[in-house]
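I opened the notebook to look up the charged side-chain pairs. The entries follow the order in which I checked them.

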Amino acid sequence: MSVLEKPPPEAEDHADHHHPEPFWKRYIFSQDHKVIGLQYAFTALFFLLFGFTLMILMRWQLAWPGRPIPIIGGLLGEANAPGGIMLPEFYNQLGAMHGTIMVFLGIVPLAVGAFGNYVVPLQIGAPDMAFPKLNMASYWCYFPGGLIMLASFFVPGGAANSGWTSYPPLSTIATQGQTWWLVGMIFLITSSLLGSVNFIVTIFQLRVKGLTFMRLPFFVHAQLVTSFLLLLAFPPLEAAGIFQLLDRVLNTSFFQPSGLVISGEVLEAAGGGSPLLWQHLFWFLAHPEVYVLILPALGIVAEVIANNTRKPLWGYKSMVYATIFLGFMSFIVWAHHMFLTGMGTTISSFFQTTTMIISIPSVVILTALFISLWGASIRFTTPMLFALAFLPMFGIGGLTGLPLGLSPTDIHLHDTYYVIGHFHYVVAPGTIFAMFAGIYYWFPKITGRKMNDFLGRLHFWPSFIFINGIFMPMFIVGLAGVSRRLWDGGEQYAHAQPVLEWNLFMSISAFGLLFAQIPFMINLFWSIKKGKKVDSNPWQATTLEWAAAPSPPVGHGNFVEVPAVYRGPYEYSVPGHPDDYLPQNLPGKEG
Amino acid sequence: MQIPYTIEERPDTGLYNAKLGIWLFLASEVMLFGALFSSYVLLRTGDPGFMTMSHDVAEALHLEGHAHRWSDVLSVPLAFVNTLVLIFSSVTIVMSWASLRLKDFGKFRLWMGLTILCALGFMGIKAIEYSSKFSHHLYPETSNFLGVYFTLTGLHALHVIGGLIVLAYLWGPGSKMWKSQPQRFVNRVETVGLYWHFVDLVWIFLFPTLYLL
């Protein structure tokens, strides 16, 4: 390792004969995957916080319907919240934009754009992504897409308000914000297309010598399958987005049925369109998208667990095959979101069968991760805490999905708070916790310093408690039949009365969760300059990004000298080896 | 810093980076046009009146006979000529690539120039078709068939324009690369050729499904 800390002089000569680049080229229009990864990371973290803030406003309204919002209530504008009291129209905007922002501008860019970009080339020993210019273009499609989404709050009628799913005909007749939403989505789809092509080519083409597919870290496999999902699932949404845009702008009738009557007036359009067509195209993207949200998270958790249990992952090969199978299956389960649309029992039977089948590879992966813990002397580092919490949280999210995947039970649960509880368990204490694990885990790689462990625990424990406080009661509320889109939280419905008290409990938990993020924000920025300095491999890890590259990696080309790989990714506690880890790039007996 | 396999092929995959990249991009495009065609099928089978043109419209267009379909307003001869033009351009782009492989830069310029002329010709005929529709007050909103027609052929035309820009670049200023990095230039022509074949292929599906069926 000492070689890495002081690069030999001749290597430095080779690597650094370029001129210092101007600021804008180095940090703004950068083509370095590490800088682009960080651009993605900070932009995505901003959007996650922003999307969360929208939810905080909604939770205030749900806890105390019709009461003025304190402090910032007056800033929301007379059109949205006169006297600080939230109007239903504004509540709908917040709901639609919370979903859109969290999924398309927060988690996916963080999981793929940030972690994938920064870590994948390092883990496969590549000097950069295969197409650095495309990588830059990908970020610069994502960023304006996000700006368009933000700007839509200020157009007449406000942002999109037809739910994050934008079902027509509601979305076709919605205010101008919906058009902005569609244009923003086209930017985001372009960004994801450029990114996914780049990832797949990078992983296939730039693996170093000796790094066969079955020696790739699980994180790389997860990113590879994720990229295929993005590549192939997003275009149908793009087609749907184009159709909806034309319906709105040119008054075509792709999604407008004949004789649609709105507020007593027959809609002036040729008609003959199919609103269900949108749902099919939308969910053809949006179900694989669920796996886009969860696979990188599983990848991060696998890395952290292998490293902190000091054991090889249990069933690495089964996990890889399960991931690939999951990727295939995710394309033929989409209509389980549409059991209530009247598409017919035959189709419902097909999709509930495929949905039950897709739970198998998910269970394989989760079980393998659980068994990996067996008999380990676990290091309870901050990333490990988040990774450990991920396992049962994702488990709850997955198991509560079974009644939704079966058509008979889904008819009762559809569009209730139960659904909200289910998928938030997957993406919030699931994926977002894994993202936190990833940030704590790879922070020393990026900065050469560790994040503070005390603040890390101060972040973890309250977050863990509060996040369950938000989502666990949703199952109760949902089973009682309360719809997910009610502006007053169900106050005016008789069947909601027995469970109404949970609204306050959930809201207070949400406010608690917001405060629990303060230690994280302090920790993140404070540790960049003041964190404890560490050597290039502080976690004593085996994979290339730690074992072969200095921390932070060399500006151009990542590695001081191109590494070669001699063994699998998780050779921890190998009998007969003096250390409890055997890096992939250490020459010696292949194993 | 040098990214491996930008020019030469990686031995175990047999591909250089851009070639794999363009195939993946085309896979994504297949999903885009696949979704568009599927939507067309679903809309057409889902609405019994999808193809039926009302009597008033047929009269206003001076169509003879009874029972008119929306596809009657499309010009099959023009589209047929366009099909031939595109197929011919697929041949010429292969010839331009083959000429480069034979190190005949002059022939490359010739065949690539022909390809560009074909693309321009296609767009010219497309423009005649579109303007004749507009002059008869036939717009995307007029009927769902016309909506599908304008959306699908419009997106295809955007792909032709995109290809045209790249072809023109490789014919003109981009061809300087032949002097400095000949293999890389051959790769570029091959890559855009693959894209061009795809654009051609989309039209080969569009022509029968919109004009003939």
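I counted as a salt bridge a side-chain nitrogen of Lys or Arg within 4 Å of a carboxyl oxygen of Asp or Glu. The model is predicted, so I noted that local features need pLDDT of at least 70 and side-chain atom pairs pLDDT 80 or more, while totals for chains, interfaces and linings use all residues. Residues are numbered from 1 along each chain as its sequence is written, chains are lettered from A in the order in which they are written, and side-chain values use heavy atoms, without hydrogens and water.

Entry on the total. I found 9 salt bridges over all chains.

Entry on Arg310(A). I looked up its partner and found Asp580(A), with the closest N and O atoms 2.9 Å apart. Arg310(A) sits in the loop between helix H9 (275–309) and helix H10 (316–329) of chain A, and Asp580(A) in the segment after helix H19 (544–547), so the pair ties together parts 270 residues apart in sequence. Helices here are DSSP runs (H or I, at least four residues), numbered from the N terminus. For accessibility I used relative accessible area: buried is under 20%, exposed over 50%, partly exposed in between (1.4 Å probe, protein chains only). Arg310(A) is buried at 4%, and Asp580(A) is partly exposed at 26%. I also noted a network of salt bridges that links these two residues with Arg379(A).

Entry on chain B. Arg10(B) and Asp12(B) form a salt bridge at 2.6 Å, N to O. Arg10(B) is buried at 6% relative accessibility, whereas Asp12(B) is exposed at 54%.

Definitions and conventions
Helix = DSSP H or I, 4+ residues; strand = E, 2+ residues; numbered from the N terminus.
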